[in-house]
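Hi everyone, thanks for making time this morning. I'd like to talk through one model with you, starting with an interface and ending with a few side-chain pairs.

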Amino acid sequence: MEIKWVSKSILLVMLLTCITFNNITNVLAQDINPTDDEVNAISKQLYCPVCESIPLDACGTQACIQWRDTIRSKLSNGWSEEEIKQYFSDQYGIRVLAEPPADGFNTLLWYLPPSLFLIGALLVTRLLSNTKNKLHVQHETISNIDNANHYVERIEHDLKKWQ
Amino acid sequence: MIVNLGYTALLLALICSLYSIISARVYINNNKIQWVDSSRNAVLAVWFLLTLACLILVYLLTNEHFEIEYVASVSSRAMPWYLKATALWGGQAGSLLFWSWLMSSYTGIMMLRDWSNERDLQPYVITASMLTLAFFVSLNVFVENPFNVLWIDSFGNITSSMMRPDANLMFTPNDGAGLNPLLRHPGMIIHPPMLYLGFVGFVIPYSFAIGALAVGRTDGVWIRATRRWTLIAWLFLSLGLLLGGRWAYDVLGWGGYWGWDPVEIAAFMPWLTGTAFLHSVIIQEKHGMFKRWNMILIILTYALVIFGTFLTRSGVLSSVHAFAQSSIGPLFFIFITVTFTISLLLLFRGWESLASSKTLTSWLSREGMFLLNNLLFMGILVACFWGVIYPLISEIITGQKVTVGPPFYERTTGPQFAALLLLMGIVPLVAWRITTVNRIGHLIWKPTMISLLIPIISIISGIFNFAALLSLWLASLVFCVTIYEFYRGSIARSKSSGNSFFISLWQLISRNRRRYGGYIVHLGIVFMAVGIIGVEMFQTETQGTLAIEERMSLEDYSLVYKDLTEYPENDGRFVTKATLDVYKNNKLIGELEPRRDYYNISQQRMTIPDVYSTLEGDLYVLLIDWKPVGPQQATFKVYLNPLINWIWIGGFLFILGTLVATWPDQRDRHIITNNKSILQPF
């Protein structure tokens, strides 16, 4: 009989503890009540795999609404922006991220265009230095241009030519 | 049956296209003029036949012939007549037909010009352009037939074909699916034609370039012959991009005008190479330099035009603008590969002959600056192209799907756009062949000092963002230098002629339209840059759920939710419209009515913004569905887009400048007449 009462008491205490802690957790969670703007700030960095090239904050599909609810819920639970992005990335792959991280094969994405641009710039510079060696600079061009009155003459010359 | 007439016209158009190529080839072999005349007549016949095919399809669309598969897929009874007609380019088959018709119009007009100076090029020009046209017409004839009829068998299975299958009856649905709601916008009525006109327009200078390569003419005759064609193509492509931006702003409901979407970039890439080409050909015309480079640029532009059409039409990449998906992707891929390879082979064959007689003398010359300009355009192109194809490459090589979103493009192209602005500020003051730092310094110091006022005023106003200050300074530098160029020229002319300043300004522009039209384009770009800086760097937004009479604020603005109405429209939409009072600094300034349209047949929803628009910026309000919308409460997303309208104002100026530069000039005839003697093959 006593054992029964003891066990019932333990169960009651456990139940009360759960209810109490649950309430405390809820109260704590309610302390972090994310605004739509906070949810949007993360949403616009994500793309759902279903919608075509539309960031999550601008998409009206049911799936995207659920994703935004998930972000809100995670923010409520105190998750950081990076943790939330990582969560979606782990769940659905890095295609959900607006910008792939610059590691592994994706390093190519970020470094190839500037590298090619630099190579292009080097080629052009080299081309110029090669041609400079053959150059016979017409110095009179400079001296003529430096003449303050030449501009008037140049325009007039240009204009008369086509009249 | 009229459908059969339409398809026959298509089939004959394909036959005539092929005939024009064959007869051009015969002319090359036997040099008998009647063959090239016959080829030209075939080109004109293609235009007539494609016009007929287009008119028949428009007739079917506007008269609700839903037994035609294409009509049933893009049209519906509830659509107004003008949308039914413009549904011609609202779906895959129709837009390909429309593309072909526009191209046949270009080639038809091209054939009517005086060919006496370029007779040797004519058969090659016909071959290159008609080969492209034949490819597009063959897509319509064999893969995407817009005249396919719907058939139903005894089991209720519906198929489509030109010929009636055995034991089938013609099937006519009660109504069509209607045009994609995203396309039911005034911008969409003219955006695709503008874009297509830009795309197909570049086929003409490409065909001339191929002709010049084939016959071995390196005298630049192809450049002079196609200068206006190139400018017209560039004008339409620019217009198409601008209208596309406006459409996205009005319809897509995300507060922006440019999302670095693959299809947007696909249209932007030929614009980049086309712009580089427009600058680069000036050097060839003036000094006979960059001949090889100009060939490369026009070949690239052509390849990118086909690549852009391929991206838009094949559905190979995810995009908000990809309204069609079909099996034509591999055919496009083969065509791009074949034409690109042939073009490169021709280029390599004539490589030595294309060497310039003059060399670049210095970076500090207009030629050097134009080369830098081209380098920057190519840098932007590489970033764009790489960003577009990278998801495919990643998936093929690593099996991993990735999204390349706006941050990539903004970071990789931003500095290059800034450098282009700087060049635009310097180049007008740099002389041909060579100049000195002192000389540039002497000319630029006044506009620079004035331009510094803008960042100073910005700092006083509380703007400390370095990137924004730098961009604003660059934009103001270009503005000041360009205005200074107009001023110097007009003053110079006024002093020498004794005319008033404004008459001198008019004469200055009208007698050198190309240069000053270009400067007007630069001014347009300055205004557009100001708008882009405003939106990209200072856009703010907020979102909230409001009950009736509740208020939300964003900077100086506040909005009060007043009412919600829901009603059906007779075009098949069910509209949910909210009414909000708009206050600025607590003063009522107007009312906005953002709405959501639900299309019953296609079950698609559109979020249509309402905008309070001023030169200072736009207050852009969306009724969104984060929570159930109702009279009790509704969720609104509000953007404040500073200076955005300067993009559209800049766009008008941009177009005006291009028109000035394109307008026929006595000078052109003068040059052609003077150059007849030097038009010799190498």
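Before any numbers, one definition: buried area is the accessible area, taken with a 1.4 Å probe, that two parts lose on being put together, summed over both. Please also keep in mind that this is a predicted model.

So, chain B. The assignment divides chain B into domain 1 (1-179), domain 2 (185-424) and domain 3 (540-645). I'll stay with domain 1 of chain B and domain 3 of chain B, whose C-alpha centres lie 43 Å apart. Four residues from domain 1 of chain B and four residues from domain 3 of chain B make up the contact.

How much area do domain 1 of chain B and domain 3 of chain B bury between them? The value is about 280 Å², with 61% of it on carbon and sulfur atoms. On the domain 1 side, B:Ala78, B:Asp175 and B:Ala177 lose the most area to domain 3 of chain B, and together they account for 76% of what that side buries. Sorted by class, the side of domain 1 of chain B that touches domain 3 of chain B has two nonpolar, one polar and one charged residues. Between these two domains we count zero salt bridges, and zero residue pairs in polar contact, taking both residues at pLDDT 80 or more.

Now for the whole structure, where the search gives 21 salt bridges over all chains. One of them joins B:Glu64 and B:Arg77, with the closest N and O atoms 2.9 Å apart. B:Glu64 sits in the loop between helix 2 (33-62) and helix 3 (69-74) of chain B, and B:Arg77 in the loop between helix 3 and helix 4 (81-86) of chain B, 13 residues apart.

Why does the pair B:Trp115 and B:Phe208 count as stacked? The ring centres are 5.4 Å apart and the planes are at 5 degrees, so the pair is stacked. B:Trp115 belongs to the loop between helix 5 (92-111) and helix 6 (122-143) of chain B, and B:Phe208 to helix 8 (residues 203-215) of chain B, so the pair ties together parts 93 residues apart in sequence.

Note on methods. Residues numbered from 1 in each chain as written. Chains lettered and ligands numbered in written order. Predicted model: local features only at pLDDT ≥ 70, side-chain atom pairs only at ≥ 80, totals over all residues. Heavy atoms only, no water. Domains from an automatic or database assignment. Contact = heavy atoms within 4.5 Å. Salt bridge = Lys/Arg side-chain N within 4 Å of Asp/Glu carboxyl O. Polar contact = N/O pair within 3.5 Å; in protein donor to acceptor, adjacent residues only side chain to side chain. Nonpolar A, V, L, I, M, F, W, Y, C, P; charged D, E, K, R; others polar. Phe/Tyr/Trp six-rings, centres within 6.5 Å; stacked < 30°, edge-to-face > 60°. Helix = DSSP H or I, 4+ residues; strand = E, 2+ residues; numbered from the N terminus.
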